[in-house]
Protein chains: 2
Amino acid sequence: MEKQKFREFLTTKGLKLTKERDEILHEILVMKKHFDPEELFVRLKTKGSKVSRASVYRTIPLLVEVGLIEEVERIDRHAHYEKISEDRHHDHMICMKCGKVIEFYSPTLEMLQREICQKENFKGVRHSLEILGYCEKCGG
Amino acid sequence: MEKQKFREFLTTKGLKLTKERDEILHEILVMKKHFDPEELFVRLKTKGSKVSRASVYRTIPLLVEVGLIEEVERIDRHAHYEKISEDRHHDHMICMKCGKVIEFYSPTLEMLQREICQKENFKGVRHSLEILGYCEKCGG
DNA sequence: ACTGTAACTGAGATTAAATTGCAATATGGA
DNA sequence: TCCATATTGCAATTTAATCTCAGTTACAGT
């Protein structure tokens, strides 16, 4: 489970599992969608948490490092993150008009990428593919 | 040629081709690699240009809009751009250790993406694929 | 070539995301 | 329980990027 994974990671690094870190991870796990640090902070505040903005910003890199979340895009001038789902990686289509995000997954694409990496003697760890364009509703 | 394309774009939009805009585009065309706004600004200054930081930041979105450059990644907290090469689009592998950027191009990948878009009724305009991992030298 | 006007510029102030310093506090192994 | 050390909140700070505004410039129409 994610919390266990985080706990182990912290212990290994000689770090501590604090109430704040637990609350932050919990909120991320509970959320379904993308989030940005500020949004996460506000959510926690709304729920009565005393966590500070600084702690949110300090915890996020740890969660990225342990592989529980990843940075998925930058909107305007701030970063957006997303929980890495246990079962499978996915990529994004982003509508340039309405901002709608369509998630998709293609095994063929995954395989193809492994092939490309091999050819370049590159050890791929993760990737992100973003297709920008127009969704069905916004036509084109 | 790129400068002509930019000139036409500006005219169409009722904008003007100023000395500053010309200098900025010129410097980008002369450069081979990625660049970030600050770096571009310093290069221009070094070469004796009087262009201001603000003009650099104001010109970049225009060049993105006309399709001469694109944002390729964010390093730390600032954007990086790159001239779009005339002949063909390419994607990137980025070494998480030394930062080396390997450019690659796969027609199969391009085709596959068109298929994926079709399936979602999404009109793809452009895409960016980044594979993060470790280059040959940095092992794995 | 001249003119009017709207676009453009530089300099510095401003914004807002993200980071940091510090004194107080909490965690977890011994 | 004790205690070294990591962590916290707060507020100050940093920094990429944007904005303001008064003076300047490009260029379409004469």
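## Basis of the model

Because the model is predicted, local features need pLDDT of at least 70 and side-chain atom pairs count only at pLDDT 80 or more, while totals for chains, interfaces and linings use all residues. Residues are numbered from 1 along each chain as its sequence is written, chains are lettered from A and ligands numbered from 1 in the order in which they are written, and side-chain values use heavy atoms, with hydrogens and water left out.

## Fold of chain A

Chain A contains five helices and five strands. Both kinds of element are DSSP runs numbered from the N terminus, helices being H or I with at least four residues and strands being E with at least two. In sequence order, the pattern of chain A is α-α-α-α-β-β-β-β-α-β. The C-alpha trace of chain A spans about 45 × 40 × 25 Å along its principal axes.

## The interface between chains A and B

In the interface, 33 residues of chain A are in contact with 33 residues of chain B, where contact means heavy atoms within 4.5 Å. The area buried between the two chains is about 3,000 Å², and carbon and sulfur atoms give 67% of it. Buried area is the accessible area (1.4 Å probe) that two parts lose on being put together, summed over both. Between chain A and chain B there are ten residue pairs in polar contact, both residues being at pLDDT 80 or more. A polar contact is a pair of N or O atoms within 3.5 Å; within protein, one must be able to donate a hydrogen and the other to accept it, and residues adjacent in sequence count only if both atoms are side-chain atoms. The count of salt bridges between the chains is zero, a salt bridge being a side-chain nitrogen of Lys or Arg within 4 Å of a carboxyl oxygen of Asp or Glu.

On the side of chain A that touches chain B, two or more residues come from each of strand S3 (91-95), strand S4 (101-104), helix H5 (107-119) and strand S5 (123-134) of chain A. S5(A) gives the most, with twelve residues. By class, this side of chain A has 17 nonpolar, nine polar and seven charged residues. Here Ala, Val, Leu, Ile, Met, Phe, Trp, Tyr, Cys and Pro count as nonpolar, Asp, Glu, Lys and Arg as charged, and the others, Gly among them, as polar. S5(A) also pairs with strand S5 (residues 123-134) of chain B in the antiparallel sense, over eleven bridges; two strands pair if DSSP finds at least two bridges between them. Within this pairing, A:Tyr134 stands opposite B:Lys123 in S5(B).

## DNA strand C

DNA strand C is surrounded by 22 residues, of which the closest are A:Lys16, B:Thr18, B:Arg21, B:Ser52 and B:Ser55. A residue is near a strand if one of its heavy atoms lies within 4 Å of it. Of the atoms of DNA strand C that come within 4 Å of the protein, sugar and phosphate account for 71%. The surrounding residues divide into eight nonpolar, five polar and nine charged.

An N or O atom in the side chain of A:Lys16 is 2.6 Å from a base oxygen of DNA strand C.

## DNA strand D

Around DNA strand D there are 23 residues, the closest being A:Lys16, A:Thr18, A:Arg21, A:Ser52 and A:Ser55. Sugar or phosphate holds 73% of the atoms of DNA strand D within 4 Å of the protein, and the rest belong to bases.

The side chain of A:Lys16 places an N or O atom 2.7 Å from a base oxygen of DNA strand D, and an N or O atom in the side chain of B:Lys16 is 3.0 Å from a base nitrogen. A polar side-chain atom of A:Thr18 lies 2.8 Å from a phosphate oxygen of DNA strand D.

## A hairpin in chain B

Strand S1 (residues 69-75) of chain B runs antiparallel to S2(B), joined by six bridges. B:Ile75 stands opposite B:His78 in S2(B), and the bridge partner of B:Arg74 is B:Ala79. The hairpin has two residues between the strands, and B:Asp76 takes a positive phi near 60°.
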